[in-house]
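I opened my notebook to record what I looked up in this structure. Here are the entries, in the order I made them.

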Amino acid sequence: MSALLAIEDVRVEYRSRERGTVAAVAGVSLDVAAGEIVGLVGESGCGKSSLARAVAGLTAPRAGTIAYDGRPVTPLGWRRRPSVDVGLQMVFQNPYASLNPRRRIGSQLADGLPAGPDRARRVADLLDRVGMPAEAASKYPHQFSGGQRQRLAIARALAPRPRLLVADEPVTALDASSAAQIVNLLVELVRDTGTGLLFISHDLALVRQIADRTAVMYLGKIVEVAPTAQLWDAPRHPYTRALIDAVPRISAEPTLPAVLAGEVPDPANAPSGCRFRPRCPYAVAECAVEPPVRATGAGSVACWLPDPTVPEGR
Ligand code: SF4
Ligand code: MG
């Protein structure tokens, strides 16, 4: 079966006067199948959002390919994207990124609908799917709470019947109960419609609850991908293990356990060889060379450690 989304060796670079060329995404491969939830986790600044923007066609990758349903994603710029006939939709942390504050909800949702009669009824159906009353159509975004606005942004994303949703920290700005409702809504939609979901979050515990597979990103690279249960039961990469160890403290602000003391290196000065090397308690001489990506059952890991699981107490 071919993947709905196929990301192949993608590199996203930014140029800045002070720091020169910075590779925010330094060669990432990942795919998402129809009806699959893939979680992408990592500390802030690891390149998750840069990858999401490239997938959405908002940033042109410097190298590599991104294919949606077998066709390359062409960077068009958000405003120039055709608003219908787009099978790939984004949900952002800030719902105002996809809702216009000056237009009524109903007309914004109608914009996203494929052409056809009876738009008012279809707008009401969309609102119903995200648990909002039909009367919401005549209101403006500011008349709703943050959680409600995120529901409306999801309704907007669902209007063109996307086959793939990319949600970048969709609940990070919400209180716990709104966040739980939005997460349940997204999972329900995926299960009901077979939409693929790339769910990007710094919250590993949340991703554990919903993702079929989890990918762990560190400093522009994916260091491990595995079915979520396998990742938690037997994390292969020292960074994955450290993130899992940090989970009880990760929900509010991601903080790292002692083993990860020290700053996340600046991607402008990424270490040579394994990028995790300066923080890794297991580093050996060969880690000065970039580790190959090896298969681990249904997943893969990029680490020189020969043993499939990290040795305890080494
Ligand atoms: Fe640590 Fe070496 Fe594995 Fe990198 S390759 S995570 S430095 S053991
Ligand atoms: Mg981000």
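Entry one: a glycine after a helix. I looked just past helix H1 and found glycine 57 with a positive phi of about 80°. Helices (H or I, at least four residues) and strands (E, at least two) are DSSP runs, numbered from the N terminus.

I noted the ground rules. This is a predicted model, where local features need pLDDT of at least 70, side-chain atom pairs count only at pLDDT 80 or more, and totals for chains, interfaces and linings use all residues. Residues are numbered from 1 along each chain as its sequence is written, while chains are lettered from A and ligands numbered from 1 in the order in which they are written.

I checked residues 48-55, and eight of the eight are buried. A residue is buried if 20 or more other C-beta atoms lie within 10 Å of its own, exposed if 12 or fewer, and partly exposed in between; C-beta atoms are placed from the backbone. The buried residues of H1 include Lys48 and Arg53.

Most residues other than glycine have a negative phi. I found aspartate 9 with phi near 50°. Aspartate 9 sits in strand S1 (residues 5-16). It counts as exposed because it has 12 C-beta neighbours inside 10 Å. Aspartate 118 has phi near 65°. I placed aspartate 118 in the loop between helix H2 (105-112) and helix H3 (119-129). With 10 other C-beta atoms within 10 Å, aspartate 118 is exposed.

Is S8 enclosed or open? Six of its six residues (196-201) are buried, so S8 is largely enclosed by the rest of the structure. In a regular strand the side chains alternate between the two faces of the sheet. I checked both faces of S8: Gly196, Leu198 and Ile200 are buried on one side, and Leu197, Phe199 and Ser201 on the other.

Entry five: the partners of S8. Strands pair if DSSP finds at least two bridges between them. Strand S3 (residues 37-41) runs parallel to S8, with five bridges. Strand S7 (residues 164-168) also runs parallel to S8, with five bridges. Isoleucine 200 is the bridge partner of leucine 40 and of aspartate 168.

Which residues are closest to ligand 1? I listed Cys274, Cys280, Ala283, Cys287 and Cys303, out of 13 that surround ligand 1. A residue is near a molecule if its C-beta atom, placed from the backbone, lies within 6 Å of it.
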